[in-house]
Amino acid sequence: MIRLPFGRKPAGEAAPRPSAAFAAWCEEELERRRDARADFDEPAFRAAVALALGRLKAKEREGRA
């Protein structure tokens, strides 16, 4: 299950950028997958994350995320 902190936040606390929240989730998922499977394709996972983060950061710069 994906748990990204886009919902409620404590008063006075800035919301994390979507790209930062996604990157943190991806690091956790990478560790989980490493531990779970021997056939995990880490280079493909890292390439997909890099592509998604690049697009998400571009949308943040445009002010759409």
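This is a predicted model: local features need pLDDT of at least 70, side-chain atom pairs count only at pLDDT 80 or more; totals for chains, interfaces and linings use all residues.

Reply: Residues are numbered from 1 along each chain as its sequence is written, and side-chain values use heavy atoms, with hydrogens and water left out.

Me: How many helices and strands are there in the chain?

Reply: The chain has two helices and zero strands. Helices (H or I, at least four residues) and strands (E, at least two) are DSSP runs, numbered from the N terminus.

Me: What makes the arrangement of H1 and H2 parallel or antiparallel?

Reply: The axes of H1 and H2 come within 10 Å and cross at roughly 170°. Axes are lines fitted to C-alpha atoms, for helices over the stretch in contact (heavy atoms within 4.5 Å), and angles run from 0 to 180 degrees between N-to-C directions. Angles under 35 degrees count as roughly parallel, over 145 as roughly antiparallel, 65 to 115 as roughly perpendicular and the rest as oblique. H1 and H2 are therefore roughly antiparallel. Among the residues that meet are Phe 22 and Leu 30 in H1 and Phe 45 and Glu 60 in H2.

Me: Why is the pair of Phe 22 and Trp 25 called stacked?

Reply: Rings of Phe, Tyr and Trp (its six-membered ring) pair if their centres lie within 6.5 Å; planes under 30 degrees apart count as stacked, over 60 as edge-to-face and the rest as tilted. By this rule there are two aromatic pairs. The ring centres of Phe 22 and Trp 25 are 6.2 Å apart and the planes stand at 25°, so this pair is stacked. Both residues lie in helix H1 (residues 18-36), three residues apart, about one turn of the helix.

Me: What are the distance and angle for Phe 40 and Phe 45?

Reply: Phe 40 and Phe 45 are 5.5 Å apart, centre to centre, with 65° between the planes, and form an edge-to-face pair.

Me: How do you know whether Trp 25 and Glu 60 are buried or exposed?

Reply: Buried means under 20% relative accessible area, exposed over 50%, partly exposed in between (1.4 Å probe, protein chains only). Trp 25 has 19% relative accessibility, so Trp 25 counts as buried. Glu 60, at 10%, therefore counts as buried too. Phe 40 and Phe 45 are both buried. Buried residues make up 18% of the 65 residues in the chain.
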